[in-house]
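I opened the model to look up a few packing details. My notes follow in the order I checked them.

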Amino acid sequence: MLINGQFRIEKVQVLNWGGYSDLQVMHVERAGTAILGPSGRGKSTLLDAMASVILPNPQEFNQAARDDKGQKRERTVYTYARGLTDRRRDENRRSGTTTYVRPPGTNGFASGAAITWAHDDGRRVTVFRLAWVASDTTGADAINANTIYGFVSGDFDLDRLNGLTGVRSGSSPLTKTTLSGLIDTSRGDLVDSSQSKIHAKMRSVMEMGKSDESQRLAMHLLRRAQASKGIFNINALFKEFVLTEPLALDRWGTALEAYREASRLYDEYEATRRQLETLTRLPQLAEKYQHAGKDHTRKTSLLLERAEGTPARLRIWHAHKLLDWLRARIDDNRLTTAETNEDLQAANTRRTHAKTTFDNLLLSLTSAGGDKAPLLKVQLDTAQHNLDRIGIHRAAVSRRLSEFDRTLPASQGDLLLLQDDLSDMRTQLETQQIALDAEAKAAVLRAGMIAGQRKSVAHELHQLSSRRSNISPEAAQLRADIAAATNVPLDRLHFFGELIQIKAEHQSWEAAVFSVLRGVAKDLVVDQEHFITVRRFINEHDTRMHVSLVPVREQGSQREPVPGTVPAIVELADSPFAPWVLNELVDRFSYQLVERDSDLDTKRASHLNGAVTRAGMRTAAFGRFAKDDSVQRYSFIGWDTADLRRDLEQNLASLTAELAPADAASNTAQATRDDARDRAQRLTTLLEELDWSSIDTAPAADQVRQLQEEIAEANTPEVTELQKQLDDARTEMTESELHAREIETKLTTLNAAWGVLVDLEDESSLLIDDSAVLDADEREATGTLGFLAPPVDVTTATGRALRAAIEASYGQAATDLQNQLVSLRKEREALETAVLATIRAFRGLEDRNQREIDESIDSLPALLSIHDQLLTDDLPRTKQRWLEQVDQDMNTQLRGLLVQIDDDRRSIVRGLAPIDRVLERVAFRVDSTLTIDVSDKPSGELNEFRSTISEYTSNTRSLTRFPGHLS
């Protein structure tokens with residue numbers, strides 16, 4: 001039915017829209033035009049093109065144009081502009097392929113539609129919507145950003161767009177500036193990027209509604225009609241287009257959404273509570289773990305040198321302790337020496353007095369002995385001197401024998417037995433000397449080996465800092481030698497493994513990659529230009545290693561890695577060899593990645609070279625299987641050296657910790673060997689000097705006695721008394737002489753010991769003065785170490801023995817420190833296990849934690865921050881306040897919902913009255929009309945709903961018990 005005074009569609013233009021390529025024009029008859037055709041022929045596409053012009057954004061295109069019944073993939077202005085024709089997914093549904101009529105990467109083009117309306121009075125208006133689709137446009141947002149709208153008072157053919165160009169190269173030719181030249185603004189034509197301005201112009205000129213609100217409702221109704229399908233009965237028609245939605249539904253939706261949000265927040269509080277419970281012990285564990293790590297680091301640093309050639313810090317600590325001990329021993333030596341000097345002074349007084357007494361008595365005896373006495377006196381003096389000399393020598397020999405736990409022989413026969421015994425002892429010492437020599441050499445060799453290994457590892461670490469690869473030092477040196485001798489640039493000499501690296505997200509397949517590529521990783525890759533030169537060098541020189549030389553040939557097409565194979569999980573270094581490396585990997589090492597060893601038996605596609613498990617077992621030739629678990633420090637694969645550097649640093653710390661005790665053991669072994677050698681030499685000298693005549697006092701004593709008897713024959717009673725006194729004086733003189741000699745020997749030993757102690761004190765002081773002062777961390781680290789006093793008698797020990805005892809003391813300190821480091825490592829490992837268990841428990845609480853927190857010790861700081869934030873948030877108090885507020889808000893909303901239900905009922909009843917009056921004038925059947933009968937129907941569900949809400953919004957019930965009813 002035509003109504004005069006209307007604007008009706010006269011022409012529709014579609015430009016590059018959906019399946020319509022280029023410009024297509026449809027003319028519409030004044031009385032209307034029906035669009036017929038089978039499904040998929042473009043009816044809905046044409047209507048959606050018209051809707052994109054008429055209806056406001058965002059667009060809701062016709063349901064018939066959607067891709068699937070689930071309505072999950074609606075058409076958009078982008079898919080219409082590109083001309084989407086098909087979407088397909090692979091077998092695993094992990095990736096898909098989309099087909100377009102105008103795919104990305106092609107030349108840019110204009111897309112859109114224009115509608116021309118004609119009025120009975122001859123007026124015409126055209127409204128268009130156009131978008132520029134550039135070559136790289138890939139989404140609806142980009143389309144909307146380049147969309148322009150227009151209103152023209154008259155016809156506007158879209159073929160006028162031909163020849164338009166952008167203001168600058170690469171820019172869109174469809175802009176307000178370029179299109180303004182095609183319209184007449186003086187008659188009210190308008191071009192703008194704002195759709196609302198164009199629609200306002202259209203509603204005004206075409207008189208769509210009496211007010212802005214009626215115009216808005218008209219547009220809204222048109223959108224609902226355009227996007228709707230399947231209206232088959234009057235009830236559906238009334239609900240869809242006549243009745244407005246009850247406000248109670250909005251209130252209920254709002255209340256339900258609020259409850260859902262409250263429920264979500266409640267779940268968040270519960271999740272947070274579980275997190276806090278899980279992390280409760282973490283700070284204490286973390287503190288112990290970090291303290292153990294810090295303590296281990298501090299103690300390890302004691303075994304390190306601050307600079308090359310300087311002593312370990314433990315040696316400085318030991319020097320401080322030793323200096324205190326030495327000063328105490330020097331003070332003891334001074335006191336003992338002073339006391340010994342007093343003893344010597346008394347002994348000398350006694351010796352002088354005894355000599356004077358003897359001489360006076362001998363003079364008196366000679367004077368009383370007549371003419372013969374003077375000659376006998378001379379003879380007696382000589383005999384007595386000889387007896388004294390033998391006695392002194394005998395005492396010295398006795399002291400020397402006491403070193404070997406032996407005593408002076410009583411006879412010539414005893415001497416022969418003693419000599420045999422000492423000879424056997426010397427043989428034993430010589431045998432012992434051989435063993436001590438071997439032990440000393442072994443200790444020196446071990447200390448030297450550890451020092452050499454430590455130096456080598458330190459050198460490797462230094463070299464590693466200047467290169468980004470995991471090749472061995474020997475391989476790096478070979479490459480440097482080749483470059484120096486042949487002038488081939490270093491960046492043209494690569495080992496295959498340097499050019500690839502396992503992707504970070506696939507590190508768990510490291511064993512598989514190493515198993516497949518370990519052999520080829522050591523191949524030296526050289527380009528064709530330098531290959532002959534490098535091959536000649538390797539042929540003419542002893543490289544002292546296995547070298548496999550590979551020429552890189554020019555590549556044709558580049559192969560793509562097969563998903564799920566080794567080449568697909570490695571990345572390539574940025575180098576000229578990258579295309580060749582990729583083709584080598586794909587052609588030779590396309591090993592399928594499988595989980596179980598039984599999967600190795602599965603038949604594989606012909607383009608695969610084999611299969612390998614995550615653990616590193618792979619298929620091999622002739623139906624064999626291979627797995628290489630040998631430890632190799634240098635894998636040659638990758639340019640990330642963090643793991644290798646960490647291994648070398650740990651190795652260096654371990655070798656440093658071993659070096660101090662090894663050095664101390666070496667010094668102690670050498671000192672023990674030297675002491676044993678000196679002891680054997682002293683025994684040999686004693687055996688050579690041991691003679692019976694030199695220690696036998698009987699002949700000399702007999703001669704003295706005989707001379708005394710001769711003098712006594714002519715003696716008077718007075719002389720006899722003098723003779724007796726003379727014998728006593730002689731005994732006193734001999735004893736006093738021996739006593740004085742012993743004190744002199746002791747004093748000599750004390751003086752020698754004092755000299756050694758002072759020298760050691762000077763050495764310790766110099767070592768301390770030349771070294772940095774122990775800092776607070778070092779002092780704290782040594783607080784648990786005990787100082788073992790050198791196990792030696794400083795009053796009798798030689799300088800060599802004392803130095804050996806000092807090294808033994810230092811060795812004990814180093815051993816104690818090593819034992820503490822072992823204990824700390826075990827403690828830290830146990831604590832790390834406990835921390836990781838807490839991290840695993842935290843990650844297991846919810847999926848989000850697994851995404852945000854790694855299952856590694858590196859996540860500890862993040863978890864501690866989370867724990868601190870949880871404590872700061874004061875969860876229990878916050879939760880209680882929140883629950884109280886939620887109860888109050890939800891009660892208010894639910895009570896308001898009951899009120900709104902009653903209001904909606906009254907509004908519906910009032911709204912049906914005018915509709916009923918209209919229906920009374922509409923003929924339905926012969927002599928009959930329609931009417932609306934309003935009646936209340938009891939609803940058990942509504943009554944139950946009212947009852948439930950009333951119960952849970954009362955003052956006696958809490959909303960925290962509501963979930964069972966609102967779920």
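I started with Leu738 and looked past its neighbours within four places in sequence. Leu738 is in contact with Gly391, Ile392 and Ala395, where contact means heavy atoms within 4.5 Å. I placed Leu738 in helix 20 (residues 717-769). Helices here are DSSP runs of H or I with at least four residues, strands are E runs of at least two, and both are numbered from the N terminus. I then took a C-alpha distance: Leu738 and Ala396 are separated by 10.0 Å, at 342 residues apart along the chain. Leu738 counts as partly exposed because its relative accessibility is 27%. The scale is buried under 20% relative accessible area, exposed over 50%, partly exposed in between (1.4 Å probe, protein chains only).

I noted the ground rules. This is a predicted model, with pLDDT of at least 70 needed for local features and 80 or more for side-chain atom pairs, while totals for chains, interfaces and linings use all residues. Residues are numbered from 1 along each chain as its sequence is written, and side-chain values use heavy atoms, without hydrogens and water.

Next, the whole chain. I read 27 helices and 19 strands. Of the 967 residues, 39% count as buried. Among contacts with a separation of 6 or more, 70% join residues 24 or more positions apart.

Then I turned to a helix pair. The axes of helix 9 (residues 282-301) and helix 22 (residues 799-843) come within 9 Å and cross at roughly 150°. Axes are lines fitted to C-alpha atoms, for helices over the stretch in contact, with angles from 0 to 180 degrees between N-to-C directions. So helix 9 is roughly antiparallel to helix 22 (over 145 degrees). The residues that meet include Leu285, Tyr289 and His296 in helix 9 and Leu821, Arg828 and Val835 in helix 22. By class, I have ten nonpolar, five polar and seven charged residues in this contact.

Last, the cores. A nonpolar core is a set of buried Ala, Val, Leu, Ile, Met, Phe, Trp, Tyr and Cys residues joined through side-chain atoms within 4.5 Å. The largest one has 57 residues, and Ile482, Phe496 and Val534 are among those touching the most other members. Helix 17 (residues 642-689) gives the most to this core, six residues. Neighbours within four places aside, Ile482 is in contact with Asn487, Leu493, Leu524, Val534, Phe537 and Ile538. I also logged a second, separate core of 33 residues, including Leu46 and Phe109.

Definitions and conventions. Angles under 35 degrees count as roughly parallel, over 145 as roughly antiparallel, 65 to 115 as roughly perpendicular and the rest as oblique. Ala, Val, Leu, Ile, Met, Phe, Trp, Tyr, Cys and Pro count as nonpolar, Asp, Glu, Lys and Arg as charged, and the others, Gly among them, as polar.
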